[in-house]
Structure formats: structure tokens, C-alpha cells
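Welcome! Here is a short briefing to read with the structure open beside you. Take your time and find each part as it comes up.

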Amino acid sequence: MARGFSRRTFVCGGCALLTTGCPPAGEPSKAGDPTGDTATTPPGDTAPPAEVYPCGQQVPTGPSRIELPLASYPDLADVGGWYAVPSSAGELVVAHVVEGCYVAIERACAHEGVPIDYSPSRGQFTCPRHGAVYGLQGEKVSGPQAGGLPVYTVAREQDSIWIDVDAPAPL
């Protein structure tokens, strides 16, 4: 064995490789997406399972919908992009979570009403004050808050994102 590389290091490293499911050297890791295809996940960044994405929603057609033209909200064209937008339901965070999938969630944290943000690297919504974390369907993941936050129906049609602000989307 090479100097500085013990048998124990070799065995323990091999066990870690087997238990973490690391791909062979030089091969990118894969994560499923909602379309059933595989997408490359950057090293050190993990994506939640595809079934947690609230994708495939119909474009809202009622009078209480709001339009976010991509020309005015260009970050929403890219996965990971997000904006805080005012609405009749209060301020919302609208995020592009995976290709073709958008989420709109109430921005006031359920704990103390502090504005939450979207964390693209975590794929979750977070509160900067006390560390509350919410999933993509508004559910409580962790933190001091009692429960989750309302999520609204959102979909893309051509060059606009549409949100139904009349009522939260059913879970």
C-alpha cells in the first residue's frame, strides 16, 4: 500500500462508498425528476425525491389569478430562481423548483410572520429568524412553527407564470 494509506483507511473508505451509494469515479450522480428522466445532480447537492414536487397543475383560469410575465421576472425562467411577489392573499414566494415546475407559498412564517426565502440548494423554504423549514408542499419540515404554510396553484403558460390566489391548493 502507498505510504500514508493504511489498510484501515482503505477498508473504512470502501465501507463508506458502499453505504452511501457513491457512483464510480468520474460518473455523475443521478436524481429522478418528475418526468421520469434522470438529471445530473451537482456534487454535494441533493434533490428531494421527485414525488414531492407539486407539478403538472392546470393553469388557473378564475378571476383571482395573477400573472407574472417572465420578461418582468426573468429569474423564474431558470431552475432555482425565485421572487417575493405581492398578492391579494398576502406576499408569496414563487420559485422554479425543477424544470417546468413552480411553487407559490405564503411568505409569512407560521412561527412569527417573518418573511421566508427559497433555498435552491436545499429545495426548501427557510425562515432566517429561527430556522423554520418548509417543504415544497408547504409542510413543516423542522423548526419552532406549529404547522405548515398555504401553497397556491401555480403553472406556466408560454412566457408567463399564473397563480390562483383565491384559495390554497389542496395537498
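Let's begin with a pair of strands: strand 3 (residues 65–69) and strand 12 (residues 160–168) run antiparallel and are joined by five bridges. Keep in mind that this is a predicted model. Its 171 residues include 32% that count as buried, and the protein contains one helix and 12 strands.

**Strands that pair**
- Within the pairing of strand 3 and strand 12, you can look for Leu-68, whose bridge partner in strand 12 is Ile-161.
- Strand 12 also pairs with strand 11 (residues 151–157), again in the antiparallel sense and with five bridges.
- Strand 11 and strand 12 make a hairpin, with two residues between them.
- Gln-158 sits in the turn of this hairpin and has a positive phi of about 55°.
- As a rule, side chains in a regular strand alternate between the two faces of the sheet.

**The overall layout**
- Among contacts with a separation of 6 or more, 39% link residues 24 or more positions apart.
- The protein exposes about 9,900 Å², and carbon and sulfur atoms supply 54% of that area.

**How confident is the prediction?**
- The average pLDDT is 75, and 67% of the residues score at least 70.
- Which elements mark the lowest and the highest mean pLDDT? Strand 1 (residues 30–32) has the lowest, at 33, while strand 4 (residues 82–85) has the highest, at 97.
- Across residues 1–51 the pLDDT is below 50, and this stretch has 34 contacts in the model beyond near neighbours in sequence.
- Where pLDDT is low, the predicted coordinates should not be read in detail.

**Nonpolar cores**
- The largest nonpolar core has 18 residues.
- Val-97, Ile-105, Ile-116, Tyr-118, Phe-125 and Tyr-134 have the most contacts inside this core.
- Strand 5 (92–98) and strand 6 (101–106) are the elements that give two or more residues to the core, and strand 5 gives the most, with four.
- A second, separate core has 14 residues, including Leu-70, Leu-76, Val-94 and Val-154.
- In soluble globular proteins, nonpolar side chains tend to be buried together.

- How many disulfides does the model have? The count comes to zero.
- Cys-109 is in no disulfide, and its nearest cysteine sulfur, that of Cys-127, is 3.9 Å away.

**A closer look at Thr-126**
- Thr-126 lies in strand 8 (residues 124–126).
- Is Thr-126 buried or exposed? Thr-126 counts as buried because its relative accessibility is 18%, and the cut-off for buried is under 20%.
- Leaving aside neighbours within four places in sequence, Thr-126 is in contact with Ile-116, Asp-117, Ser-119, Ala-132 and Val-133.
- One of these contacts, Ile-116, is also among the residues with the most contacts inside the largest nonpolar core.

How values were computed
Residues are numbered from 1 along each chain as its sequence is written. This is a predicted model: local features need pLDDT of at least 70, side-chain atom pairs count only at pLDDT 80 or more; totals for chains, interfaces and linings use all residues. Side-chain values use heavy atoms; hydrogens and water are left out. Buried means under 20% relative accessible area, exposed over 50%, partly exposed in between (1.4 Å probe, protein chains only). Contact means heavy atoms within 4.5 Å. Accessible areas come from the Shrake-Rupley method with a 1.4 Å probe; for residues, only the protein chains shown count as cover. pLDDT is the predictor's confidence in each residue, from 0 to 100. A disulfide is a pair of cysteine sulfur atoms within 2.5 Å. Two strands pair if DSSP finds at least two bridges between them. A nonpolar core is a set of buried Ala, Val, Leu, Ile, Met, Phe, Trp, Tyr and Cys residues joined through side-chain atoms within 4.5 Å.
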